[in-house]
Amino acid sequence: MLRLEARQRTPAWLNLTLPLVAIVVTLILCSGLIVLAGAGVADAYGVMFKASLGDSYAITETLVRAAPMIFTGLAVTLAFRAKFWNIGAEGQLLAGAMASCFVGAIPMPGPLAMLLMAIAGAAAGAAVALIPALLRVRLKVDDVVSSLLLNSVVFYILMALIEGPWKDPFSGYPISPPIEDSAGLPVLIEGTRLHLGVLVAVLAAPLVWLLISRTVLGFRIRVTGENPEAARYGGIDVQRVIVIAALLSGALAGLAGVGEVGGVHFQVMSDISPGYGYSGIVIAMLARLNPLGVVPVAIFLAAVMTGAEAMSRATGVPAFLSDVIQGTALLAMLVALLFTAYRIRRSA
Amino acid sequence: MSAVLEQVFQVGFLAAIIRIATPLAFATLGEMFSERAGVLNLGIEGIMLLAAMAGFTGAYFSGSLWVGVLAAVAAGALMGALHALFTVVLGLSQHVCGIGVTLFSSGLAYFLYRLIFGQQSVPPSIKGFQPVPIPILSDIPVLGPAVFNQFTLVYMAILAIPLAAFILYRTPWGLSVRMVGENPRAADSAGVSVMATRFQAVVLGGALMGLAGSFLVMAQFNAFTFGVVSGRGWVAIALVVFGRWDPWRSAGAALLFAFVDALQLRLQAAGLGHIPYEAFLMLPFVLTIVAMAFMSRNAVAPSALLKPFRREER
Amino acid sequence: MTTLPPLIEMRGISKSFGPVKANEAVDLAVAPGEILGLLGENGAGKTTLMNILFGAYQPDAGEILVNGKPVSIRNSADALAAGIGMVHQHFHLASRLTVMENLLIGIPGKGGRLDRAGALARLDDIARNYGLHLDPDQPVSALSIGEQQRLEIIKALFRRARLLILDEPTAVLAPSEVDGLFSALRAMAAQGLGIIFISHKLNEVRALTHRCVVLRHGRVAGRVDVPAETTALEMAQLMCGHEIVPPERGPSVPGAVVLSLDAVSTGGHGGMPLRAVTLAVREGEIVGIAGVSGNGQRALADVVSGMLKPQSGTMDIAGKRVAAFTPREVQALGLGRIPEDRMTTGLVTNLPLADSMVLPRIGTEAFSARGLLKPGAIVAFAEAQIEAFDIRCPGPMVRAGALSGGNLQKALLARELAFDPKVLIAAQPTRGLDIGAARFVHEKFLALRARRCGIVVVSEDLEELLALSDRIAVMYEGRIVGVLDSADASVSRLGMLMSGAGGSA
């Protein structure tokens, strides 16, 4: 019989290779679906790659899509490091989008508008994240379920607003009024959609890394996440640390919404996020909760999503393959993670 | 106001409540079995969707609705087994796996549906279940036509509630389920296999979620659309908490939610929608969060929920 | 002896966990009607041996015979089928289910349903035969600890166990409850059941058992055929394996009071609260805190460590009044702390050792400035302590959980001693350590005493307290019921006080 045996130490090479192994396994598993759809595996993945990373415009499109995923990936990473189980990045993103759109629609000088949009979006995301955090530390309410359910609450608030009082009077669709033109995030490369928010997202990753690994707060977050009892004995106010981690996490998820409003959609609609908040969980796990790993993983998943449309047009394989890849990658990574803590031994 | 009251006591309104409640009751019971055994199944949203897809496809090609139901149940049970493999056998974190199962199975459902049916301007549909009146009982005024002139799946849901309660509270297996959800070590030392019991409960839960999915495509919409589940899985998770992990209360919670939902639809139809309908839709979530805040003091959630169990820990 | 084969026989049982040999070539047998004492210090391998018998672990070598026939016990179901029942130290009960439901778990039903009627009949039988009564419809959460233990015993009898294993059953009981337990056990033995009674309390073993096996470092250190006629000292020597030699200890020259508690009372927070505890510790002395587990020692350690704020009373450290009772405050006043549970309270097993070593003082300027860590200083500190305390590990960045218990305890000592505490409180400082590591810890305490530190040692190991302390305070039901100079103290006098029968000291 095979059984799992705890490892004393995780070899360093495993930490780097496991996500790659998980991704390769995912692509192999999903190639079965491509075959089922009657297309060539190399063809399909080839088109997918070319359309997402094959030329500079494609790369900018992929990066634009990666930006919100980097933010939600960082949000989940930070929260999970403190073992605050924030499944609510989706709702926090929506809250951030709404708040920034609301601020962006007020006429004021562009740079000021952008700054206030970012602040409002981050604050709104943090406020949403605060609810499950306070419920957990004050009333011991399970954060997994409460943060998950809040996604639906925020979504319905958004729907109620854009179908009701906040509906754009000049549009037949349920969408919010657009932000001021001057409040839109500047485009970095002429002729592309690559906006300032993408740069901010990429720069946020090392900042979060610094926060977690080089500051006293980060130390407290790590210790609280790994062993709250030892943290408390060591003089750490565990509840405070969890609330701070939740606020920061919510703020990061809120910034994902700010980028989408300020740099991509310029208004709020019901499908402003195709599940970026949930993708954040996939990304954080694949990145092994390392903020620096979030960027490449987010770009990879963004490339899959961007490339899937082109693949569908070229080969007839439904573009929903990208959703399957995301789910499979998360499950494959979870199994792979098992091998960092355990190894398989044959037992008599 | 009297117009509203008239609406409420219409036969059609009562029947609508029952029909809205049916898939929720199945899903809620499914989630409840899983959670009573100590396994949170956040895969429910995706499992229901995949089951709905499988059910619709099965019914569409076989021409038999019951083949469709079987396909949905099988798909649900299979995804339940997948979740159990990850969380029970491998002991991986339940919430992350649940999100993974939801992402995976909803992606798979969309993919396979598009693969099988292509992109059509008018989505294919089937002739769904027809109401089966129960002799005599269906003649009771108001209640009769509302409750006893329903789809067979509705009757199954009504019977599933006492059956679930019986299994959970009166059978050795049900006791094992409750024990592995409360104190797996105690079950283990009494010779009960924690892993097998949890696995069975999660698979049974998945099968019930499959039934829920089948009802949506074969009795409610008679077609598969991408929004066919649209958060009903999350609602079920809320209802389990709201129903305090008890079959009767959970089913009651489903009925209550269905009432509010049906009322909301009627009010809209009657042009009485002063309050945005989203307010009603978010109600179960808000109420559940509030309920959790009050309940946690005398914690009623299964003690071992979210906790993997491994033997020989040292 | 009788000609019947033993109920149970273990032959040559060995079991290792990694490099640790928990059991080595252990032989043991229990005859029908016999109460066998299994004696040994914490970490001697008693619990492991019984877990092997109950199927929780597989032995690396050796065999188990039931009624003379070899059996393989792969899990608790096998053990139950072989007629073995076990009452674990931590009860295996679901507190929200009823007594009846806890009894029926794992029992096949009748016609697909739980067999309540049959269970009630069996319950009656058990009550009649052994005098063990419980209301079947009460939830377990409503039972006292003693009643929960009774339920565990009934559970085993309900499954028709022929051999009952009790792992330290008296640790959780009040003295009055112990008598009830003993008479029930004697009644069972009289009806032909075999009983293995695990304990490290010598007097109980002498009073109850017919025969006894002493384990030391996983091996059988000796067998006692007539416990009642063997002195506690002889048994203690078997357990410890040597004449108990106290470490070199100069005379105590206590100075000013560095830690004082005045009428400190706490609320009941899932344990025995403190009731008006007054205690003074002076510089240059070691004060031992003795008591049966669960008599308020934990609350005392928690209050002193800044983990629990008292409801009333005051505490001073080095002449300064403690106000907030937080770890940071007591630390800043010069208190060092060694927690009772190294793995869960002291260290973060999944993070580098260095992180655990700086954890309590991470916010001080030694390890951080303006909110930023000083990684160089952290590693340098850890390396210096690893060197100074001879902590055996690959380096400061290794996962703390990879270290042995002795080395972890050294690391915890190092992290406190590096900051020259004026007072040190250590809870169960040598529990689970081998003799070498325990000796190291004791020597450090004595060196600290020589450097005029005041030290409080909370321990359940009386020999340790007698060897180490200048004075010993005994706790009973949340109070300090006596303080003895160690010159006047003896195991028997301390035992009297610990059982609440001491009167005034």
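**Domains, chain folds and one interface in a predicted model**

In this predicted model, 33 Å separate the C-alpha centres of domain 1 of chain C and domain 2 of chain C.

Me: What makes up each of the three domains in the domain assignment of chain C?
Reply: The assignment gives domain 1 as 8-240, domain 2 as 246-334 + 421-505, and domain 3 as 346-419. These bounds come from an automatic or database domain assignment.

Me: Why is chain B called as compact as a globular protein of its length?
Reply: Chain B has 14 helices and two strands. Its radius of gyration is 20 Å, and the globule rule, 2.2 Å times the number of residues to the power 0.38, gives 20 Å for 314 residues; the two values are close, so chain B is as compact as a globular protein of that length. Along the principal axes, the C-alpha trace of chain B spans about 65 × 45 × 40 Å.

Me: What makes a residue of chain B count as buried, and what percentage of the chain is buried?
Reply: A residue is buried if 20 or more other C-beta atoms lie within 10 Å of its own. By that criterion, 55% of the 314 residues in chain B are buried. Of the contacts in chain B with a separation of 6 or more, 77% are between residues 24 or more positions apart.

Me: How many residues of chain C are in contact with chain B, and what makes two residues a contact?
Reply: Two residues are in contact if their C-beta atoms, placed from the backbone, lie within 7 Å. On that basis, 22 residues of chain C are in contact with 19 residues of chain B. On the side of chain C that touches chain B, helix H2 (76-81) and helix H3 (99-104) of chain C are the elements giving two or more residues; H2(C) gives the most, with three residues.

Me: How do the residues on this side of chain C divide into nonpolar, polar and charged?
Reply: The side of chain C that touches chain B has 14 nonpolar, five polar and three charged residues.

Definitions and conventions. Residues numbered from 1 in each chain as written. Chains lettered and ligands numbered in written order. Predicted model: local features only at pLDDT ≥ 70, side-chain atom pairs only at ≥ 80, totals over all residues. Helix = DSSP H or I, 4+ residues; strand = E, 2+ residues; numbered from the N terminus. Buried ≥ 20, exposed ≤ 12 C-beta atoms within 10 Å, placed from the backbone. Nonpolar A, V, L, I, M, F, W, Y, C, P; charged D, E, K, R; others polar.
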